[in-house]
Amino acid sequence: AGQAIDDTEITARVKAAVFAEPGLKTLQISVDTAKGVVTLTGTVDSQANSDKARTLAAAVPDVKEVSNTLVVIPAK
């Protein structure tokens with residue numbers, strides 16, 4: 001049960017970090033955590049924002065690994 005609380009807390013911290021970033025907060029990014037492994041899903045408007053989201057997630061304490069499955073769809 002302790003792991004679930006930790007994963008929920010990690011997810012909340014990653015979301016807070018991502019949504020605090022001005023260029024990322026309006027994008028469709030979902031965060032899921034299982035046993036310390038964070039999975040980023042959704043869409044971003046550039047590879048730079050995908051990389052930024054991954055970097056922010058990786059910087060959160062207790063994150064063991066980041067699986068970045070964000071799809072880049074350039075803004076029209």
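Trainee: Which residue in β2 is the bridge partner of Val-31?

Mentor: The partner of Val-31 in β2 is Leu-40. Please keep in mind that this is a predicted model, in which local features need pLDDT of at least 70 and side-chain atom pairs count only at pLDDT 80 or more, while totals for chains, interfaces and linings use all residues. Residues are numbered from 1 along each chain as its sequence is written, and side-chain values use heavy atoms, with hydrogens and water left out.

Trainee: What is the mean pLDDT of the protein?

Mentor: The mean is 92, and 95% of the residues reach 70 or more; pLDDT is the predictor's confidence in each residue, from 0 to 100. Confidence is lowest in helix α1 (residues 2–20), with a mean of 89, and highest in β3, at 98. Helices (H or I, at least four residues) and strands (E, at least two) are DSSP runs, numbered from the N terminus.

Trainee: Back to the strands. In which sense do β1 and β2 pair, parallel or antiparallel?

Mentor: Strand β1 (residues 28–34) and β2 pair in the antiparallel sense, over seven bridges. Two strands count as paired if DSSP finds at least two bridges between them. β1 and β2 form a hairpin with two residues between them, and Lys-35 in the turn has a positive phi of about 55 degrees.

Trainee: And how many bridges join β2 to β3?

Mentor: Four bridges join β2 (residues 37–44) to β3 (residues 65–68), and these strands run parallel. Leu-40 stands opposite Asn-68 in β3. The chain passes from β2 through α2 to β3 in a right-handed β-α-β crossover; that is, with the strands pointing away from the viewer, the path from the first strand over the helix to the second runs clockwise. Another bridge partner in β3 is Glu-65, which faces Val-37. β2 also pairs in the parallel sense with strand β4 (residues 71–72), over two bridges, where Thr-43 stands opposite Val-71.

Trainee: Now the helix in between. Which residues of α2 are buried?

Mentor: Asn-49, Ser-50, Ala-53 and Ala-57 are buried in α2. Seen down the axis of α2, its buried residues fall within an arc of 105 degrees, so they line one face of the helix. The arc is that of the directions from the helix axis to the C-beta atoms. The face turned away from the buried side carries the exposed residues Ala-48 and Thr-55. Buried means under 20% relative accessible area, exposed over 50%, and partly exposed in between (1.4 Å probe, protein chains only).

Trainee: What is Ser-50 in contact with?

Mentor: Ser-50 has a relative accessible area of 2%. Leaving aside neighbours within four places in sequence, Ser-50 is in contact (heavy atoms within 4.5 Å) with Val-44, Asn-68, Leu-70 and Val-72.
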